[in-house]
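This report goes through a structure element by element, with the sequence and coordinates shown first.

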Amino acid sequence: MPLDVAHPSASQYPPEGLVPSYAQLRKELASRDRSLRRKVMSLEEATSLVNDGDTVGIGGSTMSRTPMGMIWALIRARKSRLSCVRSIVSSDGDLLYGSGICDRIITSWFSQGILWGVSKVMRHHVETGSAAYDEWSHMAIGMRFRAGAMGLPFMPIRSMLGSDVVRQRPETIEMICPYTREKLLLVPAINPDVALIHVQRCDEFGNAQIDGLPFMDVDLAMAANRVILTTERIVSNDQIRRAPDHTRIPFFAVDAVVELPYGCAPHECSGVYEPMMRHMESYVAQVNANPVDGMREYLEQFVYGPESWSDFLAGIGVEELIRAARAGRSIDDA
Amino acid sequence: MPSESTTTASELLAILSARQLRDGQVVFAGVGIPLLAATLAQRLRSPGLTILFEGGVIGAFIEPGRLPPSTNDQRCTARANMVLGSAEVLLLLQRGYVDVGFMGGAQIDQYGNLNSSFIGDPARPKTRLPGTGGGNDISSLTAMIVAMKHEKRRFVEHVDFITSPGWLRGRTSRCESGLGTGGMFRVVTDLAVFDFDEETRRMRAIALNPGVSCERVQANTGFPLAFAPDLQVAEPPSAEELAMLRYLDPERKYTA
C-alpha cells in the first residue's frame with residue numbers, strides 16, 4: 001500500500017532511527033571544529049577519524065578517484081564492522097570485504113569492472129552471508145547523499161518503482177504526491193559518519209578542487225559528519241584563490257587533509273593517471289581464481305606487507321606508474 | 001583477428017543495434033556494446049547524436065582505440081561537451097531530456113524486464129550478480145533499446161528478479177506501478193530484432209538477422225514468441241559498418 005500522506009498509518013513507516021532527527025544532525029555538525037585551521041596529517045593519523053562500526057561514504061566511482069590509499073590504511077589499522085556506501089563499487093569493495101573490516105556495502109553496482117565479469121570476492125561474501133550488499137539504483141544513492149547534504153530526511157524519486165530492487169529495500173516508502181496524486185518513491189537521507197574523498201589538489205585547510213568527473217563527491221562531503229581528504233598535492237591557499245570556481249568542497253566541511261600522491265592506485269585520478277591495468281588484471285585473475293586464498297595472498301603482499309604507501313607503489317612498479325601517468329596526462333590531447 | 005568476411009556475434013549486435021539510433025537523439029548509453037554501437041552510429045551516419053554516460057558526461061566523443069573500461073572513466077570525458085555529477089546526469093532522465101536509453105542485458109523476459117541482480121532465489125541466491133547501476137533509472141524513465149546475446153537461458157518467461165523494469169506484467173501494469181513514461185522499445189540480439197505488442201506488451205520479432213529462421217529464434221527462446229505479420233530480414237553488416245567498428249575497437253575489447 002502506498003503511503004497516503006493525508007492519512008498516514010504508523011505501521012507503514014520504516015523503523016525509527018534509520019534517519020537521524022534534525023536536532024541530532026545539527027548537534028553533530030555544531031560539535032565539529034569548523035574553524036580555519038591547518039588540518040594536514042599523516043595517512044596513519046587520519047585512520048583515527050574512523051571508528052569501528054561507522055558508516056563510511058566513499059568518493060569517486062568504479063575505478064575513478066577511488067580513495068584507495070585511505071582504504072588501504074584502514075585495512076592496515078584493522079578497523080571493523082564498517083558499513084560502506086558508494087555510487088558504484090569496484091575492487092575497493094573486494095578489499096573491504098576480503099580484509100574483514102566491512103560487513104555491509106550499500107551501492108548500485110558491485111564488481112571489479114565490466115571487462116572482468118562478476119567479482120568472485122563479492123559473490124563469495126554475499127552468497128555465504130558473511131557480508132551484505134544492499135542494492136539501490138544509482139540515482140537513488142545520489143538522492144540519498146543529496147538529501148543528507150540538504151539537511152532533509154528524504155528525497156522523492158521516480159525510478160525503482162515497480163521493480164524487485166524496491167522490494168528488497170524496506171527503507172523506502174511509496175507515497176502519493178499531495179500535489180499531483182502521482183506515485184513517488186521516498187528514499188531516506190544518508191549522512192555517513194565519515195567520508196573518504198580523493199582530490200587532485202587542496203590547501204592545508206581543506207579547500208578542495210576536483211578536475212574531471214565530480215561523481216557524487218560534493219553531496220557526500222556535505223552530507224557526512226566528518227570528511228577525510230586525500231590529495232595528489234597540497235597547494236597554497238593563494239593558488240586556491242586564483243581559481244575559486246574550481247573549488248568544490250569548502251574547508252569547513254573537511255576534518256583531515258592527507259597528501260598522498262598516486263592515492264587512487266591502482267585506480268585512476270583524472271588528468272593525473274589512468275588505472276594501472278596490468279596490476280588490476282593480475283589482481284582480478286588472482287582473486288577470482290580463489291576469492292579466499294588469492295585475496296589473503298594479495299592482502300599480505302600489497303596491503304599488510306609494504307612499509308608505506310610509497311613501498312606499495314614500488315610493488316606496482318615504476319614502469320606501470322609511468323605508463324598510467326602518461327595516459328592520464330594526455331587524456332585531452334585528442 | 002577474424003578476416004573481413006567473418007563477423008562475430010558481438011560485431012553483429014553492435015552494428016544492428018547502432019541502426020536503431022536516429023540522428024538528433026539524446027541517447028543514454030551503458031558500457032560495452034551500447035557505448036560502442038552509439039559511437040558507431042555517431043561516426044557513421046548520425047553526427048548529431050548526443051551520447052550521455054552515467055559517470056557524468058554529455059556529448060561524449062569516444063576516441064578510436066581508447067574505449068573506456070567503464071562509463072565512469074576519464075576516457076569518457078575526452079572531447080565531451082560537458083562533465084557533471086553522476087546524480088545530475090541521471091536526473092536528466094527524470095526531467096525528460098533523454099530520448100532513448102541503451103543497455104546490455106544478462107537475462108530478459110517476455111515483457112522486457114531485465115535481471116542483473118540475482119540468479120535463483122534472491123533470499124538464497126545461487127549467483128549474486130553486480131546489480132543495477134543506472135540500469136533501473138534508465139529503464140524506469142525513458143524508452144529503452146537492449147542489445148544482448150540470444151540464448152535460451154537468457155530469454156526466459158519470467159526473470160528471477162526485476163532489476164530494470166520493462167513492461168512488468170504486461171498491459172498497463174508498468175503505468176499502474178507509477179512508471180508513467182518510457183518502456184522497452186527494442187531488443188536487438190544476434191538472431192533478431194524485437195518490439196513489444198502495444199496492447200499485451202509481449203515481445204514480438206519484427207526482423208530476422210540474415211540467415212536466421214523463425215524456428216531458430218523460437219528454439220533459443222524460453223517462451224512462445226510472436227512474429228510480426230510483416231516480418232523483415234535485416235540487411236547484413238556493410239563493409240563500411242564493419243570497417244568503422246574495427247577502427248573504433250581495434251583491440252576487440254567489446255567485440256571479441
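## A hairpin in chain A

The model is a predicted one.

The partner of β7(A) is strand β8 (residues 183-188) of chain A, and the two run antiparallel, joined by four bridges. In this pairing A:Ile176 stands opposite A:Lys183 of β8(A). The hairpin of β7(A) and β8(A) has six residues between its strands, and A:Arg181 takes a positive phi there, near 65°.

## Helix α12 of chain A

Helix α12 of chain A covers residues 309-316, and its buried residues include A:Trp309, A:Phe312 and A:Leu313. These three sit on the same side of α12(A), because the arc they cover around the axis is only 100°. An α-helix has 3.6 residues a turn, so residues three or four places apart point the same way. The other side of α12(A) carries A:Ser310 and A:Asp311, which are exposed.

Several helices of chain A take part in covering the buried residues of α12(A), including α2 (43-46), α3 (68-76), α11 (293-304) and α13 (318-329). After α12(A) comes A:Gly317, with a positive phi near 110°.

## Overall form of chain B

Chain B contains seven helices and 15 strands. Its radius of gyration is 17 Å, close to the 18 Å given by the globule rule for 256 residues, so chain B is as compact as a globular protein of that length. The C-alpha trace of chain B spans about 45 × 45 × 35 Å along its principal axes.

Buried residues make up 54% of the 256 in chain B. Of the contacts in chain B between residues at least 6 apart in sequence, 66% join residues at least 24 apart.

## The ten-strand sheet of chain B

An open sheet of 10 strands in chain B has the order β4-β3-β2-β1-β5-β10-β12-β13-β14-β15, with mixed pairing. Its edge strands are β4 (82-83) and β15 (226-233) of chain B, each of which pairs on one side only. Strand β3 (residues 57-58) of chain B pairs with β4(B) in the antiparallel sense over two bridges, and B:Val57 has B:Val83 in β4(B) as its bridge partner.

## The three-strand sheet of chain B

Another open sheet of chain B has three strands in the order β7-β6-β11, again with mixed pairing. Its edges are β7 (114-115) and β11 (155-156) of chain B; each has a single partner strand, so one side of each is left without a neighbour in the sheet.

Strand β6 (residues 107-109) of chain B runs parallel to β11(B), and two bridges join them. The bridge partner of B:Asp109 in β11(B) is B:Val156.

## Where the chains meet

Contacts between the chains involve 47 residues of chain B and 52 residues of chain A. On the chain B side, the elements that give two or more residues are α3 (86-95), β9 (127-128) and α4 (135-141) of chain B. The most comes from α3(B), with five residues. By class, the side of chain B that touches chain A has 17 nonpolar, 22 polar and eight charged residues.

Notes: Residues are numbered from 1 along each chain as its sequence is written. Chains are lettered from A and ligands numbered from 1 in the order in which they are written. This is a predicted model: local features need pLDDT of at least 70, side-chain atom pairs count only at pLDDT 80 or more; totals for chains, interfaces and linings use all residues. The radius of gyration is taken over C-alpha atoms; the globule rule is 2.2 Å times the number of residues to the power 0.38. A residue is buried if 20 or more other C-beta atoms lie within 10 Å of its own, exposed if 12 or fewer, and partly exposed in between; C-beta atoms are placed from the backbone. Two residues are in contact if their C-beta atoms, placed from the backbone, lie within 7 Å. Ala, Val, Leu, Ile, Met, Phe, Trp, Tyr, Cys and Pro count as nonpolar, Asp, Glu, Lys and Arg as charged, and the others, Gly among them, as polar. Two strands pair if DSSP finds at least two bridges between them. The arc is that of the directions from the helix axis to the C-beta atoms.
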